[in-house]
Amino acid sequence: MHPPRLLTRTPPKRSEHLLDRLVRDVRTGRFEQSLAALTAAGAAVTAAEIYSEHDAASFGNKMMWWPVVILPTAIPAGVAAVFSKRAAKTVLPVTSAAIVLNGLQGTVLHWRGIAQKPGGWELASYNVEMGPPVFAPLLASLVGGMGLLAAILRREDRSDAVPRA
């Protein structure tokens, strides 16, 4: 007697659907190119936001220029990593590590900026709202973290992709 098919069914090796292929790539750790592309896109959006916020503050501290200069380096690095495994293993992690470190530095500077406002942390309910955003630099660090993660993942395997009709 044969076991029930429900218990013996294995997923097909080839997937005809993009979503199935994406899920398989994520489950097997093959997400390098996609995450590199997301890093480049995230860096572009985040760099624009940082520039606009720091410009609104008139770049009052010269350190405000650092993320404006450092974060956009992930855009060409991420794009290069999509097309080149070498770039994904060399350039992308270097730029991403710089972004993570700059985000941590920015967090310290933002917290210090709140402490330097009149009343400091004793008036946190006001100063956190009106001062520099407390966790915004950590969000920039997440972009760098995505790049670091992309660098340690495996590249997507497209050799088993089903040709389109």
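Is Phe-59 buried or exposed in this predicted model? At 12% relative accessibility, Phe-59 counts as buried, since the limit for that class is under 20%.

**Figure 1. The aromatic cluster of Tyr-51, Phe-59 and Trp-65.** These three residues form one aromatic cluster in the predicted model. The count of aromatic pairs comes to four. One of these is the pair of Tyr-51 and Phe-59, whose ring centres are 5.7 Å apart. The planes of Tyr-51 and Phe-59 stand at 50 degrees, so the pair is tilted. Tyr-51 is partly exposed, with 39% relative accessibility, whereas Phe-59 is buried at 12%.

**Figure 2. The tilted pair of Trp-111 and Trp-121.** A distance of 5.2 Å separates the ring centres of Trp-111 and Trp-121, and their planes are at 45 degrees, so this pair is tilted. Trp-111 belongs to helix H7 (residues 91–116), and Trp-121 to the loop between H7 and helix H8 (124–130). The pair therefore ties together parts that are ten residues apart in sequence. Trp-111 is partly exposed, with a relative accessible area of 37%. For Trp-121 the relative accessible area is 37%, and this residue is partly exposed.

**Figure 3. The largest cavity and its lining.** The predicted model has one cavity of 30 Å³ or more. About 40 Å³ of space lies within the largest cavity. Its lining is made up of Ile-50, Pro-67, Ile-70, Leu-71, Ile-99, Asn-102, Gly-103 and Ala-140. Helix H4 (65–70) and H7 are the elements that give two or more residues to this lining. H7 supplies the largest share, three residues. By residue class, the lining of the largest cavity divides into six nonpolar, two polar and no charged residues.

**Figure 4. The surroundings of Glu-156.** Glu-156 is found in the segment after helix H9 (136–152). Its relative accessible area is 8%, so Glu-156 is buried. The side chain of Glu-156 reaches the backbone nitrogen of Gln-33 at 2.9 Å. A further polar contact, of 2.6 Å, joins the side chain of Glu-156 to that of Ser-34. When residues up to four places away in sequence are not counted, Glu-156 touches Asp-25, Arg-30, Phe-31, Glu-32, Gln-33 and Ser-34.

Note on methods: Residues are numbered from 1 along each chain as its sequence is written. This is a predicted model: local features need pLDDT of at least 70, side-chain atom pairs count only at pLDDT 80 or more; totals for chains, interfaces and linings use all residues. Side-chain values use heavy atoms; hydrogens and water are left out. Rings of Phe, Tyr and Trp (its six-membered ring) pair if their centres lie within 6.5 Å; planes under 30 degrees apart count as stacked, over 60 as edge-to-face and the rest as tilted. Buried means under 20% relative accessible area, exposed over 50%, partly exposed in between (1.4 Å probe, protein chains only). Helices (H or I, at least four residues) and strands (E, at least two) are DSSP runs, numbered from the N terminus. On a 1 Å grid over the protein atoms alone, a cavity is a set of points where a 1.4 Å probe fits but cannot get out, and a pocket is an open set with protein on both sides within 12 Å along at least five of seven lines; lining residues have an atom within 4 Å of a point. Grid points are joined across faces, edges and corners, and a volume is the space filled by probe spheres set on the points. Ala, Val, Leu, Ile, Met, Phe, Trp, Tyr, Cys and Pro count as nonpolar, Asp, Glu, Lys and Arg as charged, and the others, Gly among them, as polar. A polar contact is a pair of N or O atoms within 3.5 Å; within protein, one must be able to donate a hydrogen and the other to accept it, and residues adjacent in sequence count only if both atoms are side-chain atoms. Contact means heavy atoms within 4.5 Å.
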